[in-house]
Amino acid sequence: MIELLAPAGDLNKLKTALHFGADAVYCGGNIFSLRANAKNFTEDELIEAVKYTHERNKKIYVAANIFAFNNDFDALGKYFQFLQKIGVDAVLVSDPGVLCCLKENAPKMEIHLSTQANTTNKYAAKFWVEQGVKRIVLARETSIEDIKEIRSFLPESVELEAFVHGAMCISYSGRCLLSNALTGRSSNRGDCVQACRWEYEIVEKNRKGKPLTIGEEERGTYILNSKDLNMIEHIDKLAQAGVYSFKVEGRMKSVYYVASVINAYRKAFEIYKNNPNDYKPSQMLIDELYKNSHRDYTTGFFFGEKDSVCLESAQPKCDYEFSAEVIDYNKEKKMLLVEMRNRFKKGDVLEILSNNDKYWNKQIQIDEIYDEKGNLIDDVKLVQQRVYIPTEYELTARDILRKRL
């Protein structure tokens, strides 16, 4: 059995991830998480998130994976007590001091070790298990062969988790000082400005004031950038190596990104489950991951260092636009109620993103649009405007309509 673990940057993304098939979600509160610039969750929202997730027999993990300073610990202790009280399934940590604080204040809490701890070998993994860690999120530098060896060295009760999709940090195991050095905002405390995505010039020592640009393209060079990870074609190899939890990056990404990626991996999981010895995802699934915002794809370090992780451009690609989110379907009138996300109009063709294979990738020709008062309109251009669209497709809330650009 394997787990599909989805990012949840806020409550809406959490609900979207579960709708499209995630087994578990990971999120952060307003403090102590390495995605401080995500919307994140207030305490009340965390209470609601736990309830919503558990009602669907899914799990929720909370990240508290900053590298802490002395003055963090009083608040950390209270925070961990709160997380245990509301029933969070596990907390992710990376700092040994934070781990000790978690054990002291929430002794019943399951502990997951963040990838920030850069666990790359079986001896380090065993050390963390001896400290009470139940799951290890492996460093992104580990290969499939490394994972096999780590798995065989640990008790069966210990779980391994690996990132399988999304943006990768160019720094070793995400331990970057560039953001801090250039802006004073520490990536190791959740405030990364993604300085690696900026454009840089090189100055020769004896020619100061005459910067040179490496000319891959007119906007400059992006030698610090990483491609995006994509392992959908290799789920079988990771599972057979011992990976239990397949983690998708993206707490800062859009609802549409979460829906598209989780939907694809959920369907791929079902293919693997039905035929683990001859796993082969359909071309439709492979193509789905090109329909959301992405950079060039890579398999990272899983197969050694054969596949380059660097690229020339920081600009993500996307050939589709999130047009509307489904709110409800009226069976009597055969009408979809949708909420606009990007402008669309009469004559457009919208494609369906659904967790239901019956409707996924089907197209709707927009011949009629009605506003909430029943008036015919030609153009949906008001932000979050709700409109009705006639269709035979009985979609459900949180399904998505998208438009090819």
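**Helix packing, an aromatic pair and selected loop residues**

Leaving aside neighbours within four places in sequence, Tyr-297 is in contact (heavy atoms within 4.5 Å) with His-165, Lys-227, Asp-228, Leu-229, Asn-230, Leu-289, Tyr-290 and Asn-292. The model is a predicted one, in which local features need pLDDT of at least 70 and side-chain atom pairs count only at pLDDT 80 or more, whereas totals for chains, interfaces and linings use all residues. Residues are numbered from 1 along each chain as its sequence is written, and side-chain values use heavy atoms, with hydrogens and water left out. Tyr-297 lies in strand 10 (residues 297-298), where helices (H or I, at least four residues) and strands (E, at least two) are DSSP runs numbered from the N terminus. At a relative accessibility of 15%, Tyr-297 counts as buried; the term buried denotes under 20% relative accessible area, exposed over 50%, and partly exposed the range in between, for a 1.4 Å probe and protein chains only. Between the C-alpha atoms of Tyr-297 and His-165, which are 132 residues apart along the chain, the separation is 9.2 Å.

Over the protein, ten helices and 20 strands are found, and buried residues make up 55% of the 405 residues. Of the contacts with a separation of 6 or more, 68% are accounted for by residues 24 or more positions apart.

Two packed helices are described by the angle between their axes and the distance between the axes. The axes are lines fitted to C-alpha atoms, for helices over the stretch in contact, and the angles run from 0 to 180 degrees between N-to-C directions. The axes of helix 1 (residues 11-19) and helix 9 (residues 255-274) come within 9 Å and cross at roughly 20 degrees. Helix 1 is therefore roughly parallel to helix 9, given that angles under 35 degrees count as roughly parallel, over 145 as roughly antiparallel, 65 to 115 as roughly perpendicular and the rest as oblique. The crossing of helix 1 and helix 9 is right-handed, a crossing being right-handed if the near helix is turned clockwise from the far one by less than a right angle, and left-handed if anticlockwise. Helix 1 contributes Asn-12, Lys-13, Thr-16 and Ala-17 to this contact, and helix 9 contributes Val-255, Val-258, Ala-259 and Ile-262. These residues divide into five nonpolar, two polar and one charged, with Ala, Val, Leu, Ile, Met, Phe, Trp, Tyr, Cys and Pro counted as nonpolar, Asp, Glu, Lys and Arg as charged, and the others, Gly among them, as polar. Helix 1 is mostly covered, eight of its nine residues being buried, and the buried residues of helix 1 pack against strand 1 (3-7), strand 2 (24-28), helix 2, strand 3 and helix 9.

For helix 2 and helix 3 (residues 73-86), the packing angle is about 30 degrees and the axes are 10 Å apart, so that these two helices are likewise roughly parallel to each other. The crossing of helix 2 and helix 3 is right-handed. The contact is made by Glu-43, Leu-46, Ile-47 and Val-50 of helix 2, together with Tyr-79, Phe-82, Leu-83 and Ile-86 of helix 3, and its residues comprise seven nonpolar, no polar and one charged.

The structure holds eight aromatic pairs, for which rings of Phe, Tyr and Trp (its six-membered ring) pair if their centres lie within 6.5 Å, planes under 30 degrees apart counting as stacked, over 60 as edge-to-face and the rest as tilted. Among them, Phe-246 and Phe-269 form an edge-to-face pair, at 5.3 Å centre to centre and with 80 degrees between the planes. Since Phe-246 lies in strand 9 (residues 245-248) and Phe-269 in helix 9, the pair ties together parts that are 23 residues apart in sequence. Both Phe-246 and Phe-269 are buried.

Several loop residues complete the description. Thr-115, in the loop between strand 5 (110-113) and helix 5 (122-130), is buried, with a relative accessible area of 8%, and is 9.1 Å from Leu-92, C-alpha to C-alpha. Asn-118 is placed in the loop between strand 5 and helix 5 and, although not a glycine, has a positive phi of about 40 degrees. A positive phi of about 60 degrees is found for Asn-57, which is not a glycine either; Asn-57 lies in the loop between helix 2 (43-55) and strand 3 (59-63) and, at 71% relative accessibility, counts as exposed. Ser-143, in the loop between strand 6 (135-137) and helix 6 (144-153), counts as buried at 13% relative accessibility and, not counting residues up to four places away in sequence, touches Phe-301, Phe-302 and Gly-304.
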